[in-house]
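Student: Please take one close look at the aromatic rings in this model. What do they pair with, and how are they placed?

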Amino acid sequence: YTDMSFFLKPLLEKKEELSVDERNLVCSSYKTLCDEKRSAWHTISKLEEDHQYEKVKDSLAKYKIKIEEELKGICKAGTSVIDDYIMKNTLSLEGKVFQLKTKADYLRYIAEVSAGAEFEDISAKTMEAYLSTRKVAAEGLDFLNPVRLGLELNLSVFYFEIKKNPKEACQNATNALEE
């Protein structure tokens, strides 16, 4: 997956909207890279809490920072691909919502590994991204559309994991299913 940009370049240079399969290929390529880094970050975070790893705490902290930087780079690259290539040719409402949701997801991944003022800033941008995507979806995407349901699910994950608000997460998921 790390060399995917070379192979995806012809796809991204198309002057027409990506098919659902093409869209999913691009998204899953970046998501797989993100998932690898996120998994490593969570593992290191757990090790940092374990006293038996006290002797290597500094090394863990340095490696964790490296993973955070790599994850943020992948997320920013994915967002750039969406902005610079994909959205220019995306005409369908479902395609637009999918891409905007994906951008919000990348912001959520960055928030997950951020702290302090950076966390507050990126968390606010993530919330704004999900809510503005919800408005676009409301322009005509059916409530039962899988992309729209995915948006609501990911917004619920944001409430739960980033905002640490399980009540809001459950309420959002329930509202999505009841609409």
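Tutor: Phe158 is buried, at 0% relative accessibility (buried means under 20% relative accessible area, exposed over 50% and partly exposed in between, with a 1.4 Å probe and protein chains only). Tyr130 is buried too, with a relative accessible area of 0%. The model is predicted, so local features need pLDDT of at least 70 and side-chain atom pairs count only at pLDDT 80 or more, while totals for chains, interfaces and linings use all residues. Residues are numbered from 1 along each chain as its sequence is written, and side-chain values use heavy atoms, with hydrogens and water left out.

Rings of Phe, Tyr and Trp (its six-membered ring) pair if their centres lie within 6.5 Å; planes under 30 degrees apart count as stacked, over 60 as edge-to-face and the rest as tilted. The count by this rule is three aromatic pairs. In one of them, the ring centres of Tyr130 and Phe158 are 5.9 Å apart and the planes stand at 50°, so this pair is tilted. Because Tyr130 belongs to helix α5 (residues 116-137) and Phe158 to helix α6 (residues 146-162), the pair ties together parts that are 28 residues apart in sequence; helices here are DSSP runs (H or I, at least four residues), numbered from the N terminus. Ring pairs join Tyr130, Phe158 and Tyr159 into a cluster.

Phe98 has charged neighbours. The charged end of Arg23 sits over the Phe98 ring, 4.3 Å from its centre, and Lys101 lies over the face of Phe98, 5.6 Å from the ring centre. A charge sits over a ring if NZ of Lys or CZ of Arg is within 6 Å of the ring centre and within 35 degrees of the ring normal.

Methods:
Helix = DSSP H or I, 4+ residues; strand = E, 2+ residues; numbered from the N terminus.
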